[in-house]
Amino acid sequence: MIEYLTSRDFIILIIKIVVIFGAVMNVVGLLSWVERKVMARVQMRPGPTRVGPFGLLQPLADLLKFLFKEEVIPLQANTLLYIAAPLISLIPAFLTFAVVPFGPSLQVTDLSVGLLFVFALTSLGVYGIAIGGWSSNSKYPLLGAMRSSAQMISYELSLTLSVIGVVLIANTLSLRELVISQNNTWAGFIPRWNIFVQPIAFVVYVVSGVAETNRLPFDLAESEQELVAGWHTEYSSMKFLMFMMAEYANLIAVSSVATILFLGGWNGPMFGPQWLQMVLPIVWFTAKIGLFVFFYVLLRSTIPRFRYDQLMRFGWKVLLPLSLVNIVVTSFVVAIT
Amino acid sequence: MSGVQLLFFFFAAIAVGAAINVLVQKHVLYSALSLIVMLSAVSVLFIFLRADFIAVIQVIVYAGAIMVLFTFVIMLLNLPANEDGVDRLRWLKFIGIPLGLFLLFLIVATLWNVEPLGATRAEMVGSPKAIGTSLFNDYLLPFEATSLLILIALVGAVVFAKKDL
Amino acid sequence: MIPINWYLILGAVLFLVGVLGFFIKRNIIALLLSVEIMLNAVNLTFVAFSSQHGQISGQIFVFFVLVVAAAEAAVGLALVIAMFRNRESLNVDRSNLLKW
C-alpha cells in the first residue's frame, strides 16, 4: 500500500482533487457576486460597487463578516443535530464534483455509474434541510424544512427520470462516456448535442434542477415573506454560510450535469497551438456552466414564487408524466433505429 | 494487512457500530440517523464486492427514499424521548443478549470454514448492463410482479393513513 | 484480497444486531428499523455470494429485496400512523387488546 501512496498516480490524483476543490470553493464565492450584480442590473440599480473594482471583493467582505459574527446556538435546539445539519448539506454538494469531467483528463474519478452517483448525492442532500429544520426546534424552521423536503423528494423523481432518455441514447451511465458520445457533428456544423435530440428532457431537467436546489421560483421553503427564512432561520454566521455555500455548490453541480448531459460537456471548436488545445475544453465547459448559472440567476430575478400546492401539482402532474412519456418515446425510437 | 483489508475493517466497524447505535439510542430519530450511516457503510462494502450498481441503488432507494420516509414520520409524530409505562420485559433483555451471542457463535462457527471457490473466480462486475440484461431476460416476470407489488403498497399506504376509513 | 468468510461473518453479526433490536426495543418504529438492519445483512450475504460464484442472480435478488423492503416500509409506516392516531403512543405493549 505504501508504494501506491507514493506513486505518481496518487500524487496526480491529489493535485486534481485540490485543484477542483479549490476552483469550486472560489466559484461559489464568485457566484454570490454574480447573483447580486445580475439581480441588481435587472432591477435597474448598480449592485455592489464599493468594495474593490466593480464590487468584486464583496464576497471576501461577506466572508470576513461571517467569520467575525457571533455564533448563536439557541437553547431549545438539539445541539448535536443543529451543528451537524450544515455539514450534511454541504458534503454531498461538494462531493458531486468528484465525478464531473472538466476536461478530457481533468476528472477525479470516472465511475461506471457516475450519473447515478450524482443522483444518490442529491437524495442525501435532503437530510441536511430536514435535520436543520427539525433540530432548530421552532415553528418556522420546521414548516420550511418539511415543505422543502417534500418538494425535493418530489422533484427528484422527474430529475432522475428525465435523464433516462439521454442514457438510452448514449448507452452508458459514466459521465465521461456521455461527453465523448457527443463529439461529432451532423452536416458538418451542427454539434451532436443531446439538447437537439431530447428537448423535452432538457426542459424537464432544467426545471427540476431549479426545484432541487430550492431556488426561485421554487423557494417556498425559504421565502422571506412567509417563513422568516425557512429552515435556516435559527442559524448564524459560519453555519449559515455553510448552508449558503451548499446551495450555490448544488446550483453549480446541477448546471455542470446539465451541460454534460445536454450541451456536450467540454466539446467545442478546437483551434490554436498545442497548449491552447489543452486549456480550451475547460474554457468551453466553464462557459456553458456560466450560461446555465446566468439563466438561473435571471430566473430568480424575474419570476414570482410558486405557491406550495401549485408547486406540488406541477411536479407530480406535469413534470413526472412528461418525463415518463419522454422515456417511452425515446425507447421506441431507439429500438426501431 | 494490505490496504484493502484495512479499509474493509474500517467500513465494517462503522457498519457494526452504527447498527449497535440503532439499538442503544433512546430517541428513535437518532436510531434512524444511525441506520442511514449503516446503510452508507454497507453500500461501500458492496463496492468492494464489485457490485457498483447495487451500491448506488442502495444509497438512492434505501438511504435516500425509505429513510426519508422514516424520518418524516418520526418528525411528524414528534414523541418525547422517554416512553412512559413500566418495562415489563426487563428479564427478556438479560437472557436475550447471551442467547443472541450464542446464536452468533453458532453462525460464525458454521461460516468460518467456507471454502473460497478455487482460483477460477469469475471476473464479474455488477455493471448496469449485466444487471439489465439478466433482469429483463431471465427475471422479467418477477420484475413485472414487483411493479404490481409497489402499486398494492401505494394503495395500502394511502388507505391506512387516511383519517376516516 | 478479502476472503469471502469475512463478508459472511459481518453479515451474520449485522443480522444478529437486527434480531436483538427486534427483541429489545419497544417502539414500533425502532422495530421496523431493526427489520431493515436484518434485510441489509441478508443483502450483504447475497452480494458476497454473487461475487464469489461470479453469477449476477445474487444481485438481482438484492434488487428484489430492496423493492420489497421499500413497499413494506411504506405500508408499515402508514400502519404506525394509524396506530398512533388511535392510542397516542408508539409502545407495542399498549397494543394488547387482543390478549386474553
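**Close-up views of a predicted three-chain model**

**View 1. Where chain A meets chain B.** In this predicted model, the contact draws 16 residues from chain A and 15 residues from chain B. On the side of chain A that touches chain B, two or more residues come from each of helix H5 (114-135) and helix H6 (139-162) of chain A. H5(A) gives the most to that side, with 9 residues. Sorted by class, the side of chain A that touches chain B holds 13 nonpolar and 3 polar residues, with no charged ones.

**View 2. Where chain C meets chain B.** Here the contact takes 60 residues from chain C and 70 residues from chain B. Look for H1, H2 and helix H3 (57-87) of chain C, the elements that give two or more residues to the side of chain C that touches chain B. H3(C) gives the most, with 21 residues. That side of chain C is made up of 45 nonpolar, 11 polar and 4 charged residues.

**View 3. A helix pair across the B and C contact.** Zooming in, helix H6 (residues 140-160) of chain B and H3(C) have axes that come within 8 Å and cross at roughly 10°. Because of that angle, H6(B) is roughly parallel to H3(C). The contact of H6(B) with H3(C) has 14 nonpolar and 2 polar residues, and no charged ones.

**View 4. A helix pair within chain B.** Helix H2 (residues 28-48) and helix H3 (residues 52-77) of chain B pack at an angle of about 175°, and their axes are 8 Å apart. The two helices, H2(B) and H3(B), are therefore roughly antiparallel to each other. Among the contact residues of H2(B) are B:Leu35, B:Leu39, B:Ser43 and B:Phe46, while H3(B) supplies, among others, B:Asp52, B:Tyr62, B:Met67 and B:Phe70. By class, the contact of H2(B) with H3(B) counts 17 nonpolar, 4 polar and 1 charged residues.

**View 5. Confidence in chain C and in the complex.** Chain C averages a pLDDT of 89, and 100% of its residues score at least 70. Among the elements of chain C, helix H2 (residues 28-53) has the highest mean pLDDT (93) and helix H1 (residues 4-24) the lowest (89). For the complex, the predictor gives an ipTM of 0.91 and a pTM of 0.90.

Note on methods:
Residues are numbered from 1 along each chain as its sequence is written. Chains are lettered from A and ligands numbered from 1 in the order in which they are written. This is a predicted model: local features need pLDDT of at least 70, side-chain atom pairs count only at pLDDT 80 or more; totals for chains, interfaces and linings use all residues. pLDDT is the predictor's confidence in each residue, from 0 to 100. Helices (H or I, at least four residues) and strands (E, at least two) are DSSP runs, numbered from the N terminus. Two residues are in contact if their C-beta atoms, placed from the backbone, lie within 7 Å. Ala, Val, Leu, Ile, Met, Phe, Trp, Tyr, Cys and Pro count as nonpolar, Asp, Glu, Lys and Arg as charged, and the others, Gly among them, as polar. Axes are lines fitted to C-alpha atoms, for helices over the stretch in contact, and angles run from 0 to 180 degrees between N-to-C directions. Angles under 35 degrees count as roughly parallel, over 145 as roughly antiparallel, 65 to 115 as roughly perpendicular and the rest as oblique.
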